[in-house]
Amino acid sequence: MSKLKSLDRIDITILKTLQGNGRISNVELAKIVNLSASPCLDRVKRLEKEGYIKHYGAFLDANKLNYAMTAYIQVTLDRTTSDVFKLFKVEVVKIKEIVECNLVAGGYDYLLKIRFADIESYRLVLEKIGGLPSISKTHTYMVTEHIKEDSGIPF
């Protein structure tokens, strides 16, 4: 929360606007935040430099790109030592179908979000995941309907 204190109303509006439309022109953005183009661009560059804006991208249609199915997999490791965590991290990023991996507190160690085309593809991804180091067990939850997907920071 302390970092937000260095952001004013205009900075927050810039971030919110860019999060919704990263392709907006600087001129249009400047109009929205009631600045001229040059000071607006200076603010955007500062927000980028300070790390508030990590990168720009596009939201792709997974259905059209043959990744229509999503599942979450709970992963429990056979032991929780720093060397096992480090090795798991190194290996998990190599599996392209894993689109998110989070170390969690609770009844298991990691929560993976995977995207794949069909059940056969799921089986192949699960084989890759099963080959990760020190896995004791996994438990899968298949997504049957996307109700709300990550749309960024909730301003």
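Ser121 is partly exposed, with a relative accessible area of 23%; here buried means under 20% relative accessible area, exposed means over 50%, and partly exposed lies in between, using a 1.4 Å probe and protein chains only. This serine is part of helix α5, residues 119–130. Helices (H or I, at least four residues) and strands (E, at least two) are DSSP runs, numbered from the N terminus. Although Ser121 and Tyr67 are 54 residues apart in sequence, their C-alpha atoms are 9.5 Å apart in space.

The structure is a predicted model, in which local features need pLDDT of at least 70 and side-chain atom pairs count only at pLDDT 80 or more, while totals for chains, interfaces and linings use all residues. Residues are numbered from 1 along each chain as its sequence is written, and side-chain values use heavy atoms, with hydrogens and water left out.

Next comes the overall fold. Five helices and four strands make up the secondary structure of the protein chain, and along the sequence they follow the pattern α-α-α-β-α-β-β-α-β. The protein chain is more spread out than a compact globule, because its radius of gyration is 20 Å, well over the 15 Å that the globule rule gives for 155 residues. That radius is taken over C-alpha atoms, and the globule rule is 2.2 Å times the number of residues to the power 0.38. Along the principal axes, the C-alpha atoms fill a box of roughly 55 × 40 × 25 Å. Of the 155 residues, 28% count as buried. Contacts (heavy atoms within 4.5 Å) tell of links along the chain: among those between residues at least 6 apart in sequence, 64% join residues at least 24 apart.

The pockets can be considered next. On a 1 Å grid over the protein atoms alone, a pocket is an open set of points where a 1.4 Å probe fits, with protein on both sides within 12 Å along at least five of seven lines, and lining residues have an atom within 4 Å of a point. The largest pocket has a volume of about 1,600 Å³, a volume being the space filled by probe spheres set on the points, which are joined across faces, edges and corners. Its lining counts 39 residues, and the closest to the pocket centre are His55, Phe59, Asp150, Ser151 and Gly152. Helix α1 (9–20) and strands β2 (98–103) and β3 (110–116) each supply at least two lining residues; the largest share, five residues, comes from α1. Sorted by class, the lining holds 19 nonpolar, 10 polar and 10 charged residues, where Ala, Val, Leu, Ile, Met, Phe, Trp, Tyr, Cys and Pro count as nonpolar, Asp, Glu, Lys and Arg as charged, and the others, Gly among them, as polar.

Helix α1 also holds Asp11, which counts as buried at 1% relative accessibility. Leaving aside residues up to four places away in sequence, Asp11 touches Ser6, Arg43, Arg46 and Leu47.

Rings of Phe, Tyr and Trp (its six-membered ring) pair if their centres lie within 6.5 Å; planes under 30 degrees apart count as stacked, over 60 as edge-to-face and the rest as tilted. Across the whole structure, three aromatic pairs are found. Phe88 and Tyr110 form a stacked pair, because their ring centres are 4.2 Å apart and their planes lie at 20 degrees. This pair links distant parts of the chain, with Phe88 in helix α4 (residues 82–92) and Tyr110 in strand β3, 22 residues apart. Phe88 is buried at a relative accessible area of 0%, and Tyr110 is buried at 3%. In the tilted pair of Phe116 and Tyr122, the ring centres are 5.5 Å apart and the planes are at 45 degrees. Phe116 is buried, with a relative accessible area of 1%, and Tyr122 counts as buried at 13%. Ring pairs also join Phe85, Phe88 and Tyr110 into a cluster.

Most residues other than glycine have a negative phi. Asn34, in the loop between α2 (26–33) and α3 (37–49), has a positive phi of about 60 degrees and is exposed, with a relative accessible area of 68%. Asn66, in the loop between α3 and β1 (69–77), has a positive phi of about 65 degrees and is exposed at 52%.
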